[in-house]
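Colleague: I am new to this structure. Could you show me how to read it, one feature at a time?

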Amino acid sequence: MINNITFGQYFPGNSVLHRLDPRTKIVGTLLFISSIFLAEKTTAYTVILAFIIFAVIVSGISLRTILRSFRPLWIILVFTLGIHMFSTPGLVLYAWGPLTLTQEGLRQGIFMSSRLLFLIVISSLLTFTTSPIVLTDGIERLLSPFRKIGFPAHELAMMMTIALRFIPTLLEETDRIMKAQMARGADFSSGSIIRRAQNMIPLLIPLFISAFRRADELATAMEARCYRGGENRTRMKELMITWLDGVAVMILLLMLGVLGYLRWWQ
Amino acid sequence: MSIRLENVTYTYMQGTPYERVALQGINLEIKPGEFVGIIGHTGSGKSTLVQHFNGLLKPSSGNVRIDDIDLHQNKNEAKQAKKKVGMVFQYPEHQLFEETVFADIAFGPRNIGLSEEEIEIRVRKAMQFVGLEYDAVANRSPFQLSGGQMRRIAIAGVIATEPEYLILDEPSAGLDPQGRREIFSQIKELHIATGNSVILVTHNMEDILQLATRLIVMDNGQVVLDNSPENLFWNHQNQLQAAGVDVPHIISLLQKLRSAGLKIGECQLNAESVAEAVCEALGREKNDQ
């Protein structure tokens, strides 16, 4: 029932993107996201689009999976497009009563929603190609310099790992409880909003109970294995920067250079 | 009048790298009043199969009908038809949510739209079936009770909807031997008292042997055997073993005695009949000498 959520899911593979160091991918994604806001002209958007297409091809993730990741967010996309199309002053193309579609609006709308699209695709690519464990490992390493000022990098990463690890488990649990209550005649999909919220109670209470129970069991299991904090812990898999990361950074910097040139010198 | 599956195939996470075929071309019919056991090793598709019986899963291809109503075509009729099928999931105590035992068991009947008096009658009846004392526990919180009692409450919650077909998915998982025996004898009593169908999913042969009139053996998403328990154990032992189903103690005893040269005739598979058959065979042997 809920197994069609692709946003934020990891797909195992061995593509170039899969093999990049998570730190490269995280920093790269952040750089890319900020670079999107440098784009103003059609040429700049084309450059970004080309980069995204390149990244998707290199990731080996099927186009269908990528398209599916838009599904939870398409309302926001259409909303953005609509707002810009009808609220930007300029040369009027069409008018329906108070709504006027302007040329500038259309342009602005398309640009804005494609910015959003780029954001979704690139962040989906990050999670599609990086397993949650590796991802949080990368975050921990990136944040570790801040440990000197008392920032709990390891604890934070551990919490994130656990949270990510339990998303599928809790989804499965939700699915099961939902089915169990539906088999007893519960209805989750019709009625007014208030009615529907009330109908969620038979789902939410067992879900919370099981989440707390799992948390409790996990804490006990960790203590039984003498787990404590990050000091002096060694890792099974050390993160390694390779020549691939170098190439990836070069390509990213090249694209940033082109975008910067288009923005400030042209 | 039956649950009928025609050519049902089900694939999990279709179109992703996690794609996995769980059921392949299943054809079967479950008639009213039958006591069906569905067995198979872990991951053979048992649980996926039974979730098709009341439309919780939609087959990737093929169709499911309850009393000739297709569960995935006419929405309103299907909704009525689904009410005929009650489903007790694995670890059903995880679905409890109400403040009192009474309210939790009443959840199903209330959703059907019964009157308060009718609801109370049903709750009392259901609690009696699972061996819970109404006056002692009805007003307590289900979360204060023991695991076994919570399991009973959850099962009572489904029984209270009085389904014509009651599905139980591993109802004894995690219970102690006494708890197992009690649950199974209560299910049997319920079956006799109501005359409704019971479909019991399990990977434990011992449980099902005394209960079911028909066994469906699943392996690798397919129905490999579908026959009476006696017939299966006498005539299809190799296929049972190939499907990864453990042979019950009673059968392996009979097998050992037979291979030791004792000529035991076919008999019902409960302790008394087998003891009788063994005595008879021993007696015959004595006479021959």
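**Reading the features in turn**

Modeller: Start with a helix pair in chain A. A:Thr24, A:Gly28, A:Leu31, A:Phe32 and A:Ser35 of H2(A) meet A:Asp245, A:Ala248, A:Val249, A:Leu252, A:Leu256 and A:Leu259 of H11(A). By class, this contact has seven nonpolar, three polar and one charged residues. Bear in mind that this is a predicted model.

Colleague: At what angle do helix H2 and helix H11 of chain A pack, and how far apart are their axes?

Modeller: Helix H2 covers residues 22-36 and helix H11 covers residues 243-264. They pack at about 10 degrees, and their axes are 11 Å apart.

Colleague: How do I put that angle into words?

Modeller: Angles under 35 degrees count as roughly parallel. H2(A) and H11(A) are therefore roughly parallel to each other.

Colleague: How many bridges join S4(B) to S5(B)?

Modeller: Two bridges join these antiparallel strands. In one pairing, B:Ile66 has B:Ile69 in S5(B) as its bridge partner.

Colleague: Is B:Asp68 buried or exposed?

Modeller: Count the C-beta atoms around it. B:Asp68 has 10, so it is exposed.

Colleague: Where is B:Glu162, and what is its phi?

Modeller: B:Glu162 lies in the loop between H6 and strand S7 (165-169) of chain B. Its phi is positive, about 45 degrees, although B:Glu162 is not a glycine. The neighbour count puts it in another class. B:Glu162 has 19 C-beta neighbours inside 10 Å, so it counts as partly exposed.

Colleague: Let us step back. Into which domains is chain B divided?

Modeller: Domain 1 of chain B spans 3-246, and domain 2 spans 248-289. Their centres, taken over C-alpha atoms, are 34 Å apart. Eight residues of domain 1 and seven residues of domain 2 take part in the contact.

Colleague: Which elements give two or more residues to the domain 1 side?

Modeller: Helix H8 (205-209) and helix H9 (229-235) of chain B do. H9(B) gives the most, with four residues. By class, the domain 1 side has five nonpolar, one polar and two charged residues.

Colleague: Last, the two chains. How many residues of chain B are in contact with chain A?

Modeller: Count each side separately. There are 23 residues of chain B in contact with 20 residues of chain A. On the chain B side, strand S6 (85-88), helix H3 (101-112) and helix H6 (147-159) each supply at least two residues. H3(B) gives the most, with four.

Colleague: What classes of residue make up the side of chain B that touches chain A?

Modeller: That side has 11 nonpolar, 11 polar and one charged residues.

Note on methods:
Residues numbered from 1 in each chain as written. Chains lettered and ligands numbered in written order. Predicted model: local features only at pLDDT ≥ 70, side-chain atom pairs only at ≥ 80, totals over all residues. Contact = placed C-beta atoms within 7 Å. Nonpolar A, V, L, I, M, F, W, Y, C, P; charged D, E, K, R; others polar. Buried ≥ 20, exposed ≤ 12 C-beta atoms within 10 Å, placed from the backbone. Domains from an automatic or database assignment. Axes fitted to C-alpha atoms, helices over the stretch in contact; angles between N-to-C directions. Parallel < 35°, antiparallel > 145°, perpendicular 65-115°, else oblique. Pairing = 2+ DSSP bridges.
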